[in-house]
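Dear colleague,

Please find the structure below, together with a written account of its main features. I would be grateful if you could read the two side by side.

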Amino acid sequence: MRHSSGVHPDRQPRRGAPGPPRPWAEAWAEALYGDDGFYRSHAPAEHFHTSAQGIPGAGAVLAEAVVRLCRRHGLHEVVDVGAGRGELLAEVHRLAPDLRLHGVDVVGRPSGLPVDRWTRSPGGGSLPADLRDLRSALVLAHEWLDVVPCPVLARDDAGVWRELAVHADGTEVLGPVASPPDLAWARRWLGRQVHRAEVGRPRDRAAADLVSRVDQGLVLLVDYGHTRADRPPGGTLTGYRDGRQVDPVPDGCCDLTAHVAWDSVVDHLGPAATSTSQRAALLGLLEDDGAAADG
């Protein structure tokens, strides 16, 4: 889960000219993955912390769990999708230098990183064309789905789901009635208490695409999220910049992220998919040898 160094969201004035509004999914994708997008020009660790990077000791615990999963299932390669600057892969290499390491991200290979392969990705949930037929690999997507852009819907005064559009300065406007596919998703996965939400269909597709590329191996999706029973009424879209949580503004100057609808993802992947909390998974792995993790 992303962590900021500040206690309260940053409410500084938003930057950028208002400009014409665009659907949130479009503006979100451009802000993160466009030519001047956030992930192409900023190192994530400079703006927020995750269990893979930035939190003291957490990366080592996660790396140990990854190595144990590989040993348990006889896997010989770790593929890190959304690898950032390779922080987790460096920890895995320190623990198990015999494993082949493959990083995937929108930026080029970081200098000096001890990996066997690095692949540039288009970002936004799209994967490289040559990332397929993976064998004997543990494919890890750690906090990848939450930055797959998706439509944002809100109910109007009549309770009808409409798509939200956004100006470059973050000002939102209520747009047309949601498309039939988005409306069908909302009706299935959103309870009556929800009045604003991020539509999980792009995350469902991205997860299914990733799984389809693994011929023999294991796919581990790690992210923060919710299910229909505890879906936040007002959605979860937010931003992070310079170690602080900020208003979500699609200007390329901050990270834009939203929680994952896990029940929808798992349902889309079919009966072979299972879900559990990261804490339970780590405890199950690390307690095998008398070790324990907390968090």
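**Salt bridges and helices**

Glu64 and Arg68 are four residues apart in helix α3 (residues 58-73), and therefore about one helical turn separates them. Helices here are DSSP runs of H or I of at least four residues, strands are runs of E of at least two, and both are numbered from the N terminus. Glu64 and Arg68 form a salt bridge whose closest N and O atoms are 2.5 Å apart; the term requires a side-chain nitrogen of Lys or Arg within 4 Å of a carboxyl oxygen of Asp or Glu. Glu64 has a relative accessible area of 27%, so it counts as partly exposed. On this scale buried means under 20% relative accessible area, exposed means over 50%, and partly exposed lies in between (1.4 Å probe, protein chains only).

Before going further, please note that this is a predicted model, in which local features need pLDDT of at least 70 and side-chain atom pairs count only at pLDDT 80 or more, while totals for chains, interfaces and linings use all residues. Residues are numbered from 1 along each chain as its sequence is written, and side-chain values use heavy atoms, with hydrogens and water left out.

The structure holds 13 salt bridges. One of them joins Glu91 to Arg94, at 2.9 Å from N to O. Both residues belong to helix α4 (residues 87-95), where they are three residues apart, about one turn of the helix. Glu91 is partly exposed at 24% relative accessible area, whereas Arg94 is exposed at 53%. Another salt bridge links Glu26 with Arg22, the closest N and O atoms being 3.5 Å apart. Glu26, at 42% relative accessibility, is partly exposed, and Arg22, at 29%, is likewise partly exposed.

Helix α6 (residues 201-212) has 12 residues, which should span 16 Å at 1.5 Å a residue; the end C-alpha atoms are 17 Å apart, in agreement. The expected span is 1.5 Å times one less than the number of residues. Buried residues of α6 are Pro202, Arg203, Asp204, Ala206, Ala207 and Leu210.

**The chain as a whole**

The chain contains eight helices and 15 strands. Of its 295 residues, 51% are buried. Taking contacts (heavy atoms within 4.5 Å) between residues at least 6 apart in sequence, 69% join residues at least 24 apart.

**The parallel sheet**

Five strands form an open sheet with parallel pairing, in the order β4-β3-β2-β5-β10. Two strands are taken to pair if DSSP finds at least two bridges between them. β4 (117-120) and β10 (214-222) are the edge strands, each pairing on one side only. From one strand to the next the twist averages 20°; axes are lines fitted to C-alpha atoms, for helices over the stretch in contact, and angles run from 0 to 180 degrees between N-to-C directions. Within this sheet, β2 (residues 77-81) and β3 (residues 100-105) pair over five bridges in the parallel sense, and Val79 stands opposite His102 in β3. Helix α4 packs on the sheet, where it touches β2, β3, β4 and β5 (134-142), and its direction makes about 175° with that of β3.

**The antiparallel strands**

Strand β7 (residues 161-166) pairs antiparallel with β1 (residues 22-23) over two bridges. Arg22, the salt-bridge partner of Glu26, has Val166 as its bridge partner in β7. β7 also pairs antiparallel with β6 (residues 152-155) over three bridges, and Leu153 has Glu163 as its bridge partner in β7. The hairpin of β6 and β7 has five residues between the strands, and Gly159 in the turn has a positive phi of about 85°. With β8 (residues 172-177), β7 pairs antiparallel over four bridges; the bridge partner of Leu164 in β8 is Leu174. The hairpin of β7 and β8 has five residues between its strands, and Gly170 takes a positive phi near 95°.

A further open sheet has three strands in the order β13-β12-β14, with antiparallel pairing. β13 (244-246) and β14 (255-257) are at the edges with a single partner strand each, so one side of each lacks a neighbour in the sheet. The twist averages 35° from one strand to the next. β12 (residues 238-241) and β14 are joined by three bridges, and the bridge partner of Tyr240 in β14 is Asp255.

Yours sincerely
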